[in-house]
Amino acid sequence: MATLLSPVLRRLRGLRRLPGLPRLAAEMSLRARSDGAVAGPLYSHHIPTSPLQKALLAAGSAAMALYDPYRHDMVAVLGETTGHRTLKVLRDRMRRDPEGAQILQERPRISTSTLDLGKLQSLPEGSLGREYLRFLDVNRVSPDTRAPTRFVDDEELAYVIQRYREVHDMLHTLLGMPTNILGEIVVKWFEAVQTGLPMCILGALFGPIQLSAQSLQVLVSELIPWAVQNGRRAPCVLNLYYERRWEQSLKALREELGVTAPPVHIQGLA
């Protein structure tokens, strides 16, 4: 048992030490024959793990993510180790949609190396690209903070969850939500309805324990019903090729998806 736990615990403590990942992946691959993990890495950064190792990673990452919702590395691990069946459903939904199928075929990425920031800045006020860039600037966030997928034992599904992470800020822009705790919880409710990913459901249900009484009242009475309604009404947001919609007005995109304006302004709430 100690031999089985040790590589998992090392990953929980050191997920950000990227230079050591090839060696760690090799160690996991050597154990694959005896513990049921995939035989070897399937894509860049992949770390093969057995079902038991995934369960241990899921439990540890869930505890850390609940303790500190801003530990995006732990949230990422939780999503990868608990969402295999749901990712298959999302992948199949993308395959059946023309725009989603094109995304799966071309596999676009969202990062500062793929974004033309100058072009986004030159777009008209109110366009998706300009409003997305405004969201990044106002909230001081970067698309480069999304961790690479490591624990999904399927190369295509690994891309699906990577795509989900990279469009997360796009959903903030679409919903008009800031990155404070209340805004993140509202987005998680929308994502939970849209995707069914266990980590989204967990974040939606347990995230509110950190809110003030005032924010909790606003969340329960107004924002959760709004997020759930919009999540049910909108088509799958993973089927949107955002990079080809930069010039579309955000208002027109919201109308296309059936997304309404938030019922309250939450910038000052936490």
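In this predicted model, helix H14 has a set of buried residues: Ser215, Val218, Leu219, Leu223, Ile224, Trp226, Ala227, Val228, Asn230 and Gly231. These buried residues pack against two other helices, H11 (168–175) and H12 (181–195).

The length of H14 can be checked against its residue count. The helix covers residues 213–233, which is 21 residues, and at 1.5 Å a residue it should span 30 Å. The C-alpha atoms at its ends are 29 Å apart, which agrees. H14 also has a kink of about 45 degrees, centred on Leu219. Leu219 is itself one of the buried residues of the helix.

The next topic is charged side chains. Side chains of opposite charge can pair when their charged atoms come close. Across the whole structure, a search finds 18 salt bridges.

One of the helices that H14 packs against, H12, holds a pair of this kind. Glu191 and Lys188 form a salt bridge, with 3.1 Å from N to O. Both residues lie in H12, three residues apart, which is about one turn of the helix.

Arg245 counts as buried because its relative accessibility is 13%, whereas Glu256, at 44%, counts as partly exposed.

Arg244 also pairs with a glutamate: it forms a salt bridge with Glu106, and the closest N and O atoms are 2.9 Å apart. Which parts of the chain does this pair link? Glu106 is in helix H7 (residues 98–106), while Arg244 is in the loop between H14 and helix H15 (250–257), so that 138 residues separate them. Arg244 has a relative accessible area of 52% and is therefore exposed. Glu106, at 37% relative accessibility, counts as partly exposed.

Salt bridges can also join into a network. Here, Arg91, Asp92, Arg95 and Glu156 are linked in this way.

Methods:
Residues are numbered from 1 along each chain as its sequence is written. This is a predicted model: local features need pLDDT of at least 70, side-chain atom pairs count only at pLDDT 80 or more; totals for chains, interfaces and linings use all residues. Side-chain values use heavy atoms; hydrogens and water are left out. Helices (H or I, at least four residues) and strands (E, at least two) are DSSP runs, numbered from the N terminus. The expected span of a helix is 1.5 Å times one less than its number of residues. The bend at a residue is the angle between axes fitted to the seven residues ending there and the seven starting there. Buried means under 20% relative accessible area, exposed over 50%, partly exposed in between (1.4 Å probe, protein chains only). Contact means heavy atoms within 4.5 Å. A salt bridge is a side-chain nitrogen of Lys or Arg within 4 Å of a carboxyl oxygen of Asp or Glu.
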